[in-house]
Amino acid sequence: MAAPFSPRPGFRPNNRRFGNRGPVKKEALHAINERITAPMIRLVGDNTVNDIVELRVALQEAQKQELDLVEISPTANPPVCRIMDYQKFLYEQKRKQKEIKANSAKVIVKEVRLGPQTDDHDFNFKLNHAIKFLKDGNKVKVDVFFRGRTIVYKEQGEAILLRFADALLEYGKPEAMPKLEGKRMIMMITPKK
């Protein structure tokens with residue numbers, strides 16, 4: 001006789017033969033209707049008397065209005081329940097969260113690269129780009145890249161970054177002093193609000 005099948009720990013086969021009964025359902029965010037366990041509740045709502053009542057009375061009132069009884073605050077004494085259309089409530093919550101997410105400011109970082117011996121024309125050209133980025137509300141990451149032996153000009157790189165930050169003081173402010181990371185000296189500038 002063959003040995004019984006023993007899957008690895010955590011293994012859930014997708015086959016009826018192994019006893020899988022389909023996807024696991026999520027628990028509801030709030031206790032609704034018959035899932036409310038407290039015998040006495042504080043009933044609130046638009047078309048109801050705001051008072052402490054028995055659970056069965058509140059359920060009857062919800063059925064009469066063809067709505068759901070939803071436990072809003074389970075930790076209160078007695079728990080607070082409201083008569084409402086639960087599916088509509090969930091839909092509106094989801095829509096509000098989507099709207100908040102869409103309206104939240106997404107921080108975009110634009111990069112401007114300089115060299116330790118960048119001349120005035122290139123400096124002003126990149127400065128104008130940085131001003132445009134800051135006016136649009138984006139952060140600007142200014143870095144000086146040292147190629148080969150130009151790493152010996154660290155002081156020039158720091159001086160050019162400080163000059164760049166000084167020229168942008170009207171539009172943004174530096175988060176910190178320039179710092180050297182490998183062959184790059186970096187400084188972040190945030191827009192003024």
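## Overall layout

From the N terminus on, the elements of this protein run β-β-α-β-β-α-β-α-β-α-β-β-β. That comes to four helices and nine strands. The model is predicted.

The protein has 193 residues, and 31% of them count as buried. Its accessible surface is about 14,500 Å². Carbon and sulfur atoms hold 52% of that surface. Now take the contacts with a separation of 6 or more: 56% of them are between residues 24 or more positions apart.

## Helix 3

Helix 3 covers residues 120-135, which is 16 residues. From first C-alpha to last it reaches 22 Å, close to the 22 Å expected at 1.5 Å a residue. Which residues of helix 3 are buried? They are Phe123, Leu127, Ala130, Ile131, Phe133 and Leu134. These residues sit on the same side of helix 3, because they cover an arc of only 160° around the axis. An α-helix has 3.6 residues a turn, so residues three or four places apart point the same way.

The face turned away from the buried side of helix 3 carries His121, Asn128 and Lys135, which are exposed. Just after helix 3 comes Gly137, with a positive phi of about 90°.

## Helix 4

Helix 4 has 14 residues. It reaches 20 Å from its first C-alpha to its last, close to the 20 Å expected at 1.5 Å a residue. Its buried residues are Gly157, Ile160, Leu161, Phe164 and Ala165. They cover an arc of only 135° around the axis, so they lie on the same side of helix 4.

Glu155 and Asp166 are exposed, on the face of helix 4 turned away from its buried side. What covers the buried residues of helix 4? The cover includes helix 3, along with strand 5, strand 6, strand 7 and strand 9.

## Salt bridges

How many salt bridges does a search of the whole structure find? The search finds nine. One of them joins the side chains of Arg184 and Glu111 (3.6 Å, N to O). Arg184 lies in strand 9 and Glu111 in strand 5, so this pair ties together parts 73 residues apart in sequence. Arg184 is partly exposed, at 25% relative accessibility. Glu111 is partly exposed too, with a relative accessible area of 42%.

Arg113 and Asp143 also meet through their side chains in a salt bridge (3.5 Å, N to O). Arg113 is in strand 5 and Asp143 in strand 6, so the pair ties together parts 30 residues apart in sequence. Arg113 is partly exposed, at 34%. Asp143 counts as buried because its relative accessibility is 0%. A further salt bridge joins the side chains of Asp120 and Arg163 (3.2 Å, N to O). This pair links distant parts of the chain: Asp120 in helix 3 and Arg163 in helix 4, 43 residues apart. Arg163 is partly exposed, with a relative accessible area of 38%. Salt bridges that share partners also join Glu111, Arg113, Asp143 and Arg184 into one network.

## Asn33

Asn33 is in the segment before strand 1 (40-44). Is Asn33 buried or exposed? Asn33 counts as buried, because its relative accessibility is 17% and the cut-off for buried is under 20%.

Leaving out residues up to four places away in sequence, Asn33 touches Leu59, Asp68 and Leu69. With Asp68 there is a polar contact between the two side chains (3.2 Å).

Methods. Residues numbered from 1 in each chain as written. Predicted model: local features only at pLDDT ≥ 70, side-chain atom pairs only at ≥ 80, totals over all residues. Heavy atoms only, no water. Helix = DSSP H or I, 4+ residues; strand = E, 2+ residues; numbered from the N terminus. Expected span 1.5 Å × (residues − 1). Buried < 20%, exposed > 50% of the residue type's maximum accessible area, 1.4 Å probe, protein only. Arc of directions from axis to C-beta. Contact = heavy atoms within 4.5 Å. Areas by Shrake-Rupley, 256 points an atom, 1.4 Å probe, with all protein chains shown as cover. Polar contact = N/O pair within 3.5 Å; in protein donor to acceptor, adjacent residues only side chain to side chain. Salt bridge = Lys/Arg side-chain N within 4 Å of Asp/Glu carboxyl O.
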